[in-house]
Amino acid sequence: MKYTALVPVKSLEEAKSRLAAHLTPTQRASLMLDMLHHVLSTLQESQLFDHVSVVSADPRVLQKAQAWHAQALVETQAGHNPALTAAAMYERQQGASALLTISADLPLLQVDDVHQLVVRSKSYDVVIATSQDGSGTNALLTRPPLVLPYLFGINSRYRHQREAERLNLSCSVQSSLGLALDIDTIEDITALQRYEYAHQ
Ligand SMILES: Nc1nc2c(ncn2[C@@H]2O[C@H](COP(=O)(O)OP(=O)(O)OP(=O)(O)O)[C@@H](O)[C@H]2O)c(=O)[nH]1
Ligand SMILES: C=C(OP(=O)(O)O)C(=O)O
């Protein structure tokens with residue numbers, strides 16, 4: 001079984017747009033890259049993946065991805081779902097038998113979170129890791145790749161679950177702090193700072 005991980009990253013100028021009122025463009029780009037570095041390091045440290053890829057339209061992101069020992073995939077189809085679909089087709093061609101798609105903005109992600117996802121995927125076709133409010137998808141592990149179409153966007157957790165049901169795929173939902181706390185809003189940054197203060 002060849003597990004591969006795929007991390008989609010928006011162009012830095014557009015990333016973290018919900019933080020535009022609070023952070024300068026330089027701060028947003030550097031926050032994004034710091035979080036990406038953490039996610040890539042955690043995936044690599046887990047030693048669960050044949051390799052880790054980053055798909056982005058941004059040359060700066062792709063350059064960093066390579067420097068951090070990930071494979072850089074140029075976004076050939078614009079937008080979150082099309083970019084992932086094209087990249088997943090490529091990974092499938094390269095022999096991936098299971099594919100984890102995971103957000104780049106998970107600063108509390110730990111090896112154990114990733115380990116649990118992979119363990120669960122041995123018994124299910126699809127594993128979904130939810131965002132904090134339960135409505136989004138922060139990670140999606142499918143075996144084989146593309147057995148479920150990517151439906152990221154509003155209420156994607158429910159849309160992925162319903163589509164899995166429609167396609168008669170077994171599906172499990174996982175929630176853990178490391179997978180749930182994605183940094184989108186100023187409230188998320190406050191929650192992260194509180195967590196770090198309490199655990200320092
Ligand atoms: N390659 C690629 N990745 C994307 C695209 N849209 C979103 N992502 C990535 O998908 C994950 C979740 O993205 P969002 O939370 O929607 O976007 P964001 O930049 O983090 O935040 P907002 O701009 O505030 O929506 C992050 O890793 C993003 O970088 C896209 O069009 N192309
Ligand atoms: C973050 C999500 O999607 P998008 O990036 O497309 O808004 C999601 O589906 O939880």
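Helices (H or I, at least four residues) and strands (E, at least two) are DSSP runs, numbered from the N terminus. Axes are lines fitted to C-alpha atoms, for helices over the stretch in contact, with angles from 0 to 180 degrees between N-to-C directions. This is a predicted model, where local features need pLDDT of at least 70 and side-chain atom pairs count only at pLDDT 80 or more, while totals for chains, interfaces and linings use all residues. Residues are numbered from 1 along each chain as its sequence is written, and chains are lettered from A and ligands numbered from 1 in the order in which they are written.

Q: What makes α1 oblique to α4?
A: Helix α1 (residues 25–46) packs against helix α4 (residues 111–121) at about 60°, and their axes are 9 Å apart. That makes the pair oblique, given that under 35 degrees is roughly parallel, over 145 roughly antiparallel, 65 to 115 roughly perpendicular, and the rest oblique.

Q: Which residues of α1 and α4 meet?
A: From α1 come T42, L43, E45 and S46, and from α4 come V111, V114 and H115. Being in contact takes C-beta atoms, placed from the backbone, within 7 Å. By class, this contact has 3 nonpolar, 3 polar and 1 charged residues. Here Ala, Val, Leu, Ile, Met, Phe, Trp, Tyr, Cys and Pro count as nonpolar, Asp, Glu, Lys and Arg as charged, and the others, Gly among them, as polar.

Q: How do you know that the chain agrees with a compact globule?
A: The rule is 2.2 Å times the number of residues to the power 0.38, with the radius of gyration taken over C-alpha atoms. For 200 residues that puts a compact globule near 16 Å, and the chain has 16 Å, so the two agree. The C-alpha trace spans about 45 × 35 × 30 Å along its principal axes. The chain holds 7 helices and 7 strands.

Q: Why is V54 called buried?
A: Buried means 20 or more other C-beta atoms within 10 Å of a residue's own, exposed means 12 or fewer, and partly exposed is in between, with C-beta atoms placed from the backbone. V54 has 26 such neighbours, so V54 counts as buried. V54 sits in strand β2 and touches residues including V7, V9, V61 and L62. Across the chain, 41% of the 200 residues are buried.

Q: Is E14 buried or exposed, and why?
A: E14 has 11 C-beta neighbours inside 10 Å, so E14 counts as exposed. You'll find E14 in the loop between β1 (3–9) and α1.

Q: What makes the phi of Q47 stand out?
A: Most residues other than glycine have a negative phi, and most peptide bonds are trans. Q47 isn't glycine, yet its phi is a positive value, near 55°. Q47 lies in the loop between α1 and β2 (51–56), and is exposed because 8 other C-beta atoms lie within 10 Å.

Q: What about the phi of L146?
A: L146 also has a positive phi, near 65°. L146 is in the loop between β6 and α5 and, with 15 C-beta neighbours inside 10 Å, counts as partly exposed.

Q: Which peptide bond is cis?
A: The bond joining R143 and P144 is cis, with omega about 0°. P144 lies in the loop between β6 (137–142) and α5 (156–166).

Definitions and conventions:
Two residues are in contact if their C-beta atoms, placed from the backbone, lie within 7 Å. Lists of a residue's contacts leave out its neighbours within four places in sequence.
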